[in-house]
Amino acid sequence: QLVGPYLFIHSRDSKMVKVRAHELRSKSKQELLNQLKELKSELSGLRVAKVTGGATNKLSKIKIVRKSIARVLTVYRQNQLTALKTKIEEDAKNKSKVYLPLDMRTKKTRAIRRRLTKAQLNKKTEKAAKKAAAFPKRKYALKA
């Protein structure tokens with residue numbers, strides 16, 4: 001059945017399956033977990049119907065339910081991360097140094113992550129520092 005720009009599939013044993021991420025964002029943690037449980041049980045029912053040779057509309061519904069489960073899990077994870085970020089920011093105000101969990105750090109590339117920091121690059125040995133102090137860079141006056 002076509003309703004506006006979205007396609008919703010109705011069946012006797014379940015309500016609308018298609019889930020919108022923006023609708024999920026307003027839900028609480030418990031509501032998301034309940035919806036996830038419902039979707040997973042629906043998916044298992046659809047898989048049973050597939051094995052027993054159910055109707056074709058049930059088979060086509062499997063993909064929609066799987067994607068809906070993925071959406072719910074994605075929104076759940078995003079909510080977790082935003083909550084964790086706010087907690088880390090509060091801790092950062094109290095302490096001087098706060099370490100981010102590995103999965104929240106910027107990915108970049110392996111080479112960039114292992115590269116020396118700017119401070120480490122600019123550090124000089126004792127000998128090099130003495131030499132630089134004893135023999136500073138020469139300055140030349142140029143005629144204009």
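Student: A pocket is an open set of grid points with protein on both sides within 12 Å along at least five of seven lines, and its lining residues have an atom within 4 Å of a point. On that basis, which residues line the second largest pocket here?

Tutor: This is a predicted model. In it, the second largest pocket is lined by Thr106, Lys107, Lys108, Ile112, Arg113, Arg115, Leu116 and Thr117.

Student: What volume does that pocket have?

Tutor: The volume of the second largest pocket is about 180 Å³.

Student: And how does its lining divide by class?

Tutor: Four of the lining residues are charged, two are polar and two are nonpolar.

Student: Lys108 is on that list. Where is Lys108 found?

Tutor: Lys108 belongs to the loop between helix 3 and helix 4, the latter spanning 110-114.

Student: Is Lys108 buried or exposed?

Tutor: Lys108 is exposed, because its relative accessible area of 55% lies over the 50% cut-off.

Student: How much of the protein is buried?

Tutor: Of its 144 residues, 18% count as buried. The accessible surface comes to about 12600 Å², and carbon and sulfur atoms hold 57% of that area.

Student: What share of the contacts joins residues 24 or more positions apart?

Tutor: Among contacts with a separation of 6 or more, such pairs account for 49%.

Student: What is Ile69 in contact with, apart from its neighbours within four places in sequence?

Tutor: Ile69 makes contact with Leu36, Leu39, Lys40 and Leu43.

Student: Let us turn to Gln80. Where is Gln80, and how accessible is it?

Tutor: Gln80 is in helix 3. This residue is partly exposed, because its relative accessible area is 41%, between the 20% and 50% cut-offs.

Student: How far is Gln80 from Lys29?

Tutor: Their C-alpha atoms are separated by 9.0 Å, although the two residues are 51 residues apart along the chain.

Student: What about Lys85 and Met104?

Tutor: Lys85 and Met104 are 19 residues apart in sequence, and their C-alpha atoms are 8.8 Å apart in space. Lys85 has its place in helix 3 and, at 47% relative accessibility, counts as partly exposed.

Student: One last residue. Where does Lys124 lie?

Tutor: Lys124 sits in the loop between helix 5 (118-122) and helix 6 (126-134).

Student: What does Lys124 touch, not counting residues up to four places away in sequence?

Tutor: Lys124 touches Ala129 and Ala132. Even with those contacts, Lys124 counts as exposed, at 59% relative accessibility.

Terms used. Residues are numbered from 1 along each chain as its sequence is written. This is a predicted model: local features need pLDDT of at least 70, side-chain atom pairs count only at pLDDT 80 or more; totals for chains, interfaces and linings use all residues. Side-chain values use heavy atoms; hydrogens and water are left out. Buried means under 20% relative accessible area, exposed over 50%, partly exposed in between (1.4 Å probe, protein chains only). Contact means heavy atoms within 4.5 Å. Accessible areas come from the Shrake-Rupley method with a 1.4 Å probe; for residues, only the protein chains shown count as cover. On a 1 Å grid over the protein atoms alone, a cavity is a set of points where a 1.4 Å probe fits but cannot get out, and a pocket is an open set with protein on both sides within 12 Å along at least five of seven lines; lining residues have an atom within 4 Å of a point. Grid points are joined across faces, edges and corners, and a volume is the space filled by probe spheres set on the points. Ala, Val, Leu, Ile, Met, Phe, Trp, Tyr, Cys and Pro count as nonpolar, Asp, Glu, Lys and Arg as charged, and the others, Gly among them, as polar. Helices (H or I, at least four residues) and strands (E, at least two) are DSSP runs, numbered from the N terminus.
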